[in-house]
Amino acid sequence: MNQLDQRPYFFDAGIRFTCRRCGACCTGAPGIVRVSAKETEAIAVHLGEPLSRVIETYLTVWEDGYRIKEADDGRCLFFGDGCRIYPVRPTQCRTFPFWFRNLRSEARWKAIQKECPGIGSGQFYSKADILTLLFDEIP
Ligand code: SF4
């Protein structure tokens with residue numbers, strides 16, 4: 001990561017972002033949201049539901065953990081009137097929009113910016129913060 005820190009990026013001056021909880025990234029087009037076994041346990045505790053029920057209702061096996069099931073319209077099953085698991089949301093959700101695929105070019109970032117109203121204001125993320133989140137998200 002030290003070597004990556006030295007390289008110039010379009011986000012060298014940092015980026016402001018605060019999630020508006022609009023749900024635009026949790027609904028619509030289908031996608032895969034990975035959930036680790038540890039994250040699954042935290043979700044069950046947060047919902048106050050047995051682990052087996054959470055797995056059966058909301059998740060399906062994916063790689064070495066799970067992925068969240070989606071409704072027919074692409075909505076995340078944990079998304080009701082807002083995210084029902086926000087404090088314990090999976091790493092993939094917690095690190096959005098600072099994903100490698102979004103940050104690999106400024107053009108890609110501008111496209112994501114149009115979809116996410118949380119980008120551009122709110123909490124300041126330095127280059128180091130962004131790189132840390134980026135590496136957190138990579139499985
Ligand atoms: S699109 Fe952006 S502002 Fe809306 S819920 Fe997702 S991260 Fe938050």
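Visitor: Why is T40 called buried?

Guide: Buried means under 20% relative accessible area, exposed over 50% and partly exposed in between, with a 1.4 Å probe and protein chains only. T40 has a relative accessible area of 1%, so T40 counts as buried. One caution: this is a predicted model, where local features need pLDDT of at least 70, side-chain atom pairs count only at pLDDT 80 or more, and totals for chains, interfaces and linings use all residues. Residues are numbered from 1 along each chain as its sequence is written, and side-chain values use heavy atoms, with hydrogens and water left out.

Visitor: What makes V35 a contact of T40?

Guide: Contact means heavy atoms within 4.5 Å. Leaving aside neighbours within four places in sequence, T40 is in contact with V35, L51, I55, L59 and Y66.

Visitor: And which helix is T40 in?

Guide: T40 sits in helix α2, residues 37-47. Helices (H or I, at least four residues) and strands (E, at least two) are DSSP runs, numbered from the N terminus. The protein has seven helices and seven strands, and along the sequence they run α-β-β-α-α-β-β-β-β-α-α-α-β-α.

Visitor: How do you know that the radius of gyration agrees with a compact globule?

Guide: The radius is taken over C-alpha atoms, and the globule rule is 2.2 Å times the number of residues to the power 0.38. For 139 residues a compact globule would come out near 14 Å; the protein has 16 Å, so the two agree. The C-alpha trace spans about 45 × 30 × 25 Å along its principal axes.

Visitor: How much of the protein counts as buried?

Guide: That's 32% of the 139 residues.
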